[in-house]
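Visitor: I have a chain to look at and some questions about it. Could you guide me through it?

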Amino acid sequence: MTYDAFEISEQSSRPVEVYRFSLGADVYRYTSAEDVVPVTGENYDPIAILRGSIIQGPDERSRPLEVTMPSTVAFARRFAGIVPGSQAMLTLRRFQRDDGATPEVRTLFVGTVHAARYGDDAKSLVFPVYSLEYGLAKTVPRFGYQSSCNHVLYDDDCGVDEDAAANKFVSVVTAVSGNDITVTGAGTFRGSAQFDAGFVKPAAFDDYRQIIGQSGDVLTLMLPFPQTMIGATVNVYRGCDHLIAGHCSTRFN
């Protein structure tokens, strides 16, 4: 029997769905099946995960697919307190358990996780996931004529190398107070106040936070990290005021 034949069969259909969440370089794999499921060389762990209906048609862009899982699993814990700096992506796939040794695997849905909320039981997290078509429903302006640079710092259009020694400072966090972290030596890196509007990336895990202010070695973050940061090694990247005659010229040439 083919995948389609299994799908329409009332007696033989035994579908298995697998959820692959990617968050930066971190990947989390889950299945609603009762056992570990191998798919294309990756193992998916069984958890109590469920989803709503996939909307097809005009409403697909505006109505998210809701995915619910226990708040204790690794992916959910990344959202249980402070949301990560990176956006998570979900790929939902499905196959038929009795479709031979190498079953046909269909991709049902690909989208981005936009938020998280606790379920009615206060023990689960619900993730609204919008399809990739969601972004096409928005009006996206072209570059504007303005005094500041249109590009995102360190992106391909900006062209500045974030890993160049002149732009990245590596040190250790020695103190944390609210949104403030103390990074030894940050205040003397290439002068002073180099990291306003820059960002911090921990070396041990894939996440980042924007820096909204600097006073010597103390960096004020837009949001704190959920993990304990004291003693952690971090990469700190210089910021930019996005003015053509400002840091674009004087700092980054």
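Guide: Start with two terms: strands (E, at least two residues) and helices (H or I, at least four) are DSSP runs, numbered from the N terminus. Two strands pair if DSSP finds at least two bridges between them. This is a predicted model, where local features need pLDDT of at least 70, side-chain atom pairs count only at pLDDT 80 or more, and totals for chains, interfaces and linings use all residues. Residues are numbered from 1 along each chain as its sequence is written, and side-chain values use heavy atoms, with hydrogens and water left out.

Visitor: In S4, which residue is the bridge partner of Thr-31?
Guide: Strand S2 covers residues 26–31 and strand S4 covers residues 42–46. They pair in the parallel sense over two bridges. The partner of Thr-31 in S4 is Pro-46.

Visitor: Which residue of S4 does Val-37 stand opposite?
Guide: Strand S3 spans residues 37–39. Three bridges join S3 to S4, and the two run antiparallel. Opposite Val-37 stands Tyr-44.

Visitor: Which residue takes a positive phi in the hairpin of S3 and S4?
Guide: Two residues lie between the strands of this hairpin. The phi is near 45°, and the residue is Thr-40.

Visitor: In S16, what is the bridge partner of Lys-168?
Guide: Strand S11 holds residues 168–177, and strand S16 holds residues 233–237. They pair in the antiparallel sense over five bridges. The partner of Lys-168 is Tyr-237.

Visitor: Is Glu-17 buried or exposed?
Guide: Glu-17 is found in strand S1, residues 15–23. Buried means under 20% relative accessible area, exposed over 50%, and partly exposed in between (1.4 Å probe, protein chains only). Glu-17 has 9% relative accessibility, so it counts as buried.

Visitor: A polar contact of 2.7 Å joins the side chain of Glu-17 to which residue?
Guide: A polar contact is a pair of N or O atoms within 3.5 Å; within protein, one must be able to donate a hydrogen and the other to accept it, and residues adjacent in sequence count only if both atoms are side-chain atoms. The side chain joined to Glu-17 is that of Arg-94.
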